[in-house]
Amino acid sequence: QSTGTRNPATTPTHCPYCALQCGMNLTPVEGGTVEVSDRADFPVNRGALCGKGRTAAAVLAPGARLTSPLVRSGDGALVPAGWDEALDRIARNLERTRARYGADALGVFGGGGLTNEKAYALGKFARVVLGTSQIDYNGRFCMSSAAAAGTRAFGLDRGLPFPLEDIPRTGCVILVGSNPAETMPPSLRYFTELRENGGTLIVVDPRRTKTAEQADLHLAPRPGTDLALALGMLHLVVAEGRVDEAYVEERTSGWEEARAAAMAHWPEHVERITGVSVPELREAVRLFCAPEAAMVLTARGPEQQAKGTDTVGAWINLCLATGRAGRPRSGYGCLTGQGNGQGGREHGQKADQLPGYRKLTDPAARRHVAEVWGVDPDSLPGPGRSAYELLDALGTDIRSLLVMGSNPVVSAPRAAHVEGRLRSLDFLAVCDVVLSETAELADVVLPVTQWAEETGTTTNLEGRVLLRRRAITPPEGVRGDLDVLHGLAGRLGVEKGFPVDPEEVFEELRRASAGGPADYSGIDYRRLARENGVFWPCPAPPADGTGATPHPGTPRLFLDRFATDDGRARFAPVAHRPSAEEPDDAYPVLLTTGRVVAQYQSGAQTRRVAELNAAAPGPFVELHPRLAARLGAAEGDPLAVVSRRGRAVAPARITTAIRPDTVFMPFHWPGEGRANTLTNPALDPASRMPEFKVCAVRVEVAR
Ligand code: SF4
């Protein structure tokens with residue numbers, strides 16, 4: 001196999017991992033990989049990288065990744081095969097399933113790490129080539145509740161409607177269920193600078209995380225009760241006369257209903273639900289309301305709940321009542337997690353959406369996109385199942401599945417069940433860089449290129465569209481995801497419309513997104529190569545406007561009006577409700593899950609990096625000394641954590657940084673310590689987000 005062609009120049013590009021999309025420089029080195037170095041000109045991270053970014057080159061090494069297609073042989077083993085044989089086998093099986101069961105028996109499962117071009121091409125492939133409605137992606141598990149709540153309130157979802165650089169210039173930030181010290185460490189400087197500038201940081205988290213340790217105030221509610229916490233704060237805002245009446249009157253609708261809902265949540269009642277005391281609530285309200293500008297930023301804590309949309313909605317209500325949203329240095333934002341978590345949800349791999357963040361059910365949107373695609377709008381399928389529902393239908397309604405850039409065996413809720421559904425498929429094809437736990441189950445595995453070996457765009461958590469440049473050529477035997485879709489489309493009778501050149505795909509994406517909520521039509525590769533990213537929406541100048549000035553992009557949204565029909569932000573009249581699974585005699589403890597700094601998502605890449613593995617070699621169960629004493633558990637003892645869905649075993653890590661009624665497990669590992677064996681797939685009715693962040697478990701020492 002090839003070790004890659006040397007590229008003499010250092011290439012400025014971006015990290016393959018999280019949504020910060022840190023800038024970095026890559027220089028080709030012996031062994032087919034690159035040397036990662038600081039790139040100080042990119043404003044988001046100003047040269048800083050976390051351990052994952054610094055070691056990202058390790059997964060490029062030929063020994064760490066797949067370099068040949070694999071097909072399932074007669075004796076059940078995965079064996080190397082040529083590309084034609086592998087693609088032929090996938091096309092043949094997809095055709096067979098479609099002929100026997102219909103197009104909706106074909107499923108497609110994408111990923112929030114795919115570039116905009118790949119996400120776009122995958123959605124088009126599902127709807128135009130396969131004709132299936134059954135496409136969704138793992139971003140549904142990431143931020144879909146924030147997206148639903150943001151759309152409901154503001155008429156538009158862009159993770160952060162302002163750039164990160166606004167954080168140090170505001171007066172107070174409430175970080176809800178977010179731990180950037182571990183998930184995106186270079187972003188922590190924004191919060192440090194906030195405090196250096198005299199601002200205050202409030203962290204809402206059941207655990208005293210590394211981020212919470214830096215806060216002026218840490219509120220540690222019982223998992224699944226932060227909706228009540230936000231309502232309690234709003235109650236106090238009203239009771240203490242802190243509502244921005246003029247703003248509410250001029251810029252919002254629905255206040256009376258939201259106000260009534262909040263007033264039903266007395267602080268003492270909220271204290272009983274959340275465990276956060278009334279004085280703590282009052283202090284949080286005082287800190288949040290005192291400055292002229294303030295923000296609420298949410299992440300997976302409030303979002304990954306069966307009431308995630310309403311939980312985020314409650315925090316948005318707090319922002320609206322205090323006149324924060326749509327004002328300078330203020331507002332609500334979501335810290336998206338995956339590398340292209342933002343762009344990945346805008347271009348058509350989501351079950352209910354078309355490119356440009358258009359609704360699949362909107363006749364005008366269907367007409368526009370169908371015209372770009374050269375198909376009849378009536379031929380486009382309607383919305384399909386959400387991610388967990390799609391996975392749950394494998395082997396029954398869905399018989400064949402194509403997975404691109406996702407590892408649901410580790411990352412899906414109720415993972416043992418999902419693994420069983422994947423095993424029950426008639427046919428499974430997986431495109432990935434490494435032999436992930438999901439790829440191990442496949443009938444055909446296609447080895448694809450990765451970040452440093454391909455050019456493409458991503459959109460970071462600020463809505464900043466970026467160019468990730470190719471720095472080295474990939475090893476022989478590896479092809480791009482766009483080549484895969486091109487090869488499969490041709491074999492399935494669609495010869496045109498699936499180019500392998502990412503710039504050509506982006507040019508089509510620009511046209512497909514034109515006029516939509518996420519309008520990229522004024523952005524092109526040349527511009528991205530010149531500028532350090534462009535914020536969408538960025539419409540193209542009018543076609544006849546010779547000499548028209550290019551649109552500058554939109555770093556800050558909603559300053560004049562919200563994206564609703566009447567320009568007003570909408571309050572949501574939300575009320576607290578229990579989690580789908582509350583503790584009882586059989587399962588008396590709460591489980592919450594999350595990440596550690598040295599691993600990323602399902603760990604498929606980072607578990608293959610020696611330095612990261614040494615820092616975070618395996619799962620653990622974090623528990624309070626009081627709970628440990630009750631169980632008779634000592635540090636390092638193997639603990640069995642049992643939920644209604646299964647059992648996971650991992651060593652005890654005893655700390656006062658967690659509530660005594662709660663245990664925490666990180667979710668990056670497969671096997672015996674797989675946290676997602678335990679998690680609850682109860683879905684949020686609006687976003688279809690599973691309730692990863694809270695379920696009831698029993699904990700015992702596994703002797
Ligand atoms: Fe990469 Fe995220 Fe780490 Fe930055 S913070 S280096 S984008 S993993």
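**Reading the model**

Mentor: We can begin with the ligand: the shell around the ligand consists, by class, of 10 nonpolar, 3 polar and 1 charged residues. Keep in mind that this is a predicted model.

Trainee: Which residues come nearest to the ligand?

Mentor: C15, C18, C22, C50 and G53 come nearest, out of 14 residues around the ligand.

Trainee: Which domains give at least three residues each to that shell?

Mentor: Domain 1 (11-64) and domain 3 (144-335) each do so.

Trainee: What does the domain assignment of the chain give?

Mentor: The assignment lists domain 1 (11-64), domain 2 (70-141 + 341-535), domain 3 (144-335) and domain 4 (589-701). Note that domain 2 is written as two segments, 70-141 and 341-535.

Trainee: How many residues of domain 2 and domain 4 are in contact?

Mentor: On the domain 2 side there are 19 residues, in contact with 20 residues of domain 4. In domain 2, the elements giving two or more residues to this side are α15 (387-392), α16 (408-411) and α17 (415-423). By class, the domain 2 side that touches domain 4 has 10 nonpolar, 5 polar and 4 charged residues.

Trainee: How is a pair of packed helices described?

Mentor: The description uses the angle between the two axes and the distance between those axes. Take α4 (residues 144-154) and α13 (residues 308-321): their angle is about 50 degrees, and their axes are 8 Å apart. The two helices, α4 and α13, are therefore oblique to each other. The crossing in which α4 passes α13 is right-handed.

Trainee: Which residues of α4 and α13 meet?

Mentor: From α4 they are S145, A146, A148, A149, R152 and A153, and from α13 they are G308, T309, V312, G313 and I316. This contact of α4 with α13 divides into 6 nonpolar, 4 polar and 1 charged residues.

Trainee: At what angle do α2 and α18 pack?

Mentor: Helix α2 (residues 83-101) packs with helix α18 (residues 481-491) at about 55 degrees, the axes being 9 Å apart. That angle makes α2 oblique to α18. Here α2 passes α18 in a right-handed crossing. L87, D88, I90 and A91 of α2 meet G487, L488 and R491 of α18. The residues of this contact are 4 nonpolar, 1 polar and 2 charged.

Trainee: What is the angle between α7 and α11?

Mentor: For α7 (residues 226-239) and α11 (residues 278-289) the angle is about 65 degrees, with 9 Å between the axes. Angles of 65 to 115 degrees count as roughly perpendicular, so α7 is roughly perpendicular to α11. Their crossing is right-handed. G232, M233, L236 and V237 of α7 make the contact with L281, R282, A284, V285 and C289 of α11. By class, this contact of α7 with α11 has 7 nonpolar, 1 polar and 1 charged residues.

Trainee: Now the backbone. Which residues does a cis peptide bond join?

Mentor: The cis bond joins W536 and P537, with omega about 0 degrees. P537 sits in the loop between β21 (534-535) and β22 (569-570).

Trainee: What is the phi of Q21?

Mentor: Q21 has a positive phi of about 50 degrees, although Q21 is not a glycine. The loop between β1 (11-14) and β2 (23-29) holds Q21.

Key
Residues are numbered from 1 along each chain as its sequence is written. This is a predicted model: local features need pLDDT of at least 70, side-chain atom pairs count only at pLDDT 80 or more; totals for chains, interfaces and linings use all residues. A residue is near a molecule or strand if its C-beta atom, placed from the backbone, lies within 6 Å of it. Ala, Val, Leu, Ile, Met, Phe, Trp, Tyr, Cys and Pro count as nonpolar, Asp, Glu, Lys and Arg as charged, and the others, Gly among them, as polar. Domain bounds come from an automatic or database domain assignment. Axes are lines fitted to C-alpha atoms, for helices over the stretch in contact, and angles run from 0 to 180 degrees between N-to-C directions. Helices (H or I, at least four residues) and strands (E, at least two) are DSSP runs, numbered from the N terminus. Angles under 35 degrees count as roughly parallel, over 145 as roughly antiparallel, 65 to 115 as roughly perpendicular and the rest as oblique. A crossing is left-handed if the near helix is turned anticlockwise from the far one by less than a right angle, and right-handed if clockwise. Two residues are in contact if their C-beta atoms, placed from the backbone, lie within 7 Å.
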